[in-house]
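Thank you all for coming.

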Amino acid sequence: MGDKKKQKLQPNQQRYQAFQQKRETKRPVFQNCIKAFLIGGFICFIGQLISTFYIYQFNFTEKTAGNPTIATLIFITMLLTGFGVYDRIAQFAGAGSAVPVTGFGNAVISSAIEYRSEGFILGVGSNMLKLAGPVIVYGVFSAFIVAIIKTILTQWGGF
């Protein structure tokens, strides 16, 4: 907290702030970044292996292998989440497991599991995309903005 804000606090509040800072657990930021990078990279590596499998076994092209690869990664994530394995991976990896597409699959299935006791329609159906919905909305919106910028640049800029 800044010195100006500390001066505005009452003495009891200042003592509490000092007490809290002494006992606050220090986060290993560098270590967390390394774990997130390694686990996220490993998830991407698995995705590349799946994509290569689709290219060589099912005669997909590099462009067409992307969609079944993403679907397969989401399916694997949903299975691992259902069995409770992905939660342990996410606990260890942090953002490294949330940023790839596997984070989307985990968010969807976790909500479905949490609300299954309320029924399929009002529980699972209405709550499944509560976490993933905003990601989809902002992803589509930002893709739209990027497409507009690209269109303007290619039409007027000659790129």
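Let me begin with a term: a residue is called buried when its relative accessible area is under 20%, exposed when it is over 50%, and partly exposed in between, using a 1.4 Å probe and protein chains only. Please keep in mind that this is a predicted model, in which local features need pLDDT of at least 70 and side-chain atom pairs count only at pLDDT 80 or more, while totals for chains, interfaces and linings use all residues. Residues are numbered from 1 along each chain as its sequence is written, and side-chain values use heavy atoms, with hydrogens and water left out.

With that definition in hand, 21% of the 159 residues of the protein chain count as buried. The chain holds 9 helices and 0 strands, where helices (H or I, at least four residues) and strands (E, at least two) are DSSP runs numbered from the N terminus.

Turning to overall dimensions, the C-alpha trace spans about 70 × 55 × 35 Å along its principal axes. The radius of gyration, taken over C-alpha atoms, can be set beside a globule rule of 2.2 Å times the number of residues to the power 0.38; a compact globule of 159 residues would come out near 15 Å, but this protein chain has 22 Å.

Next, a word on contacts, which means heavy atoms within 4.5 Å. If we take the contacts between residues at least 6 apart in sequence, 47% of them join residues at least 24 apart.

Now let us look at helix α8, residues 120-127, whose buried residues are Gly123, Val124 and Asn127. Why do these residues sit on the same side of α8? They do so because they cover an arc of only 105° around the axis, the arc being that of the directions from the helix axis to the C-beta atoms. These buried residues pack against α7, residues 101-114, whereas the face turned away from the buried side carries the exposed residues Phe120, Ile121 and Leu122.

On a 1 Å grid over the protein atoms alone, a pocket is an open set of points where a 1.4 Å probe fits, with protein on both sides within 12 Å along at least five of seven lines, and lining residues have an atom within 4 Å of a point. The largest pocket has a volume of about 210 Å³, where grid points are joined across faces, edges and corners and the volume is the space filled by probe spheres set on the points. Its lining includes Ile39, Phe42, Leu73 and Tyr86, and the elements giving two or more residues to that lining are α3 (29-58), α4 (66-82) and α5 (85-93).

Finally, consider some single residues. Ser97 is found in helix α6, residues 95-98, and counts as buried at 2% relative accessibility; leaving aside residues up to four places away in sequence, Ser97 touches Ile43, Tyr86, Ala90, Thr102 and Gly103. Asn59, by contrast, has its place in the loop between α3 and α4 and is exposed, with a relative accessible area of 70%. The phi of Asn59 is near 55°, a positive value in a residue other than glycine. Val137, in helix α9, is also exposed, at 53% relative accessible area.
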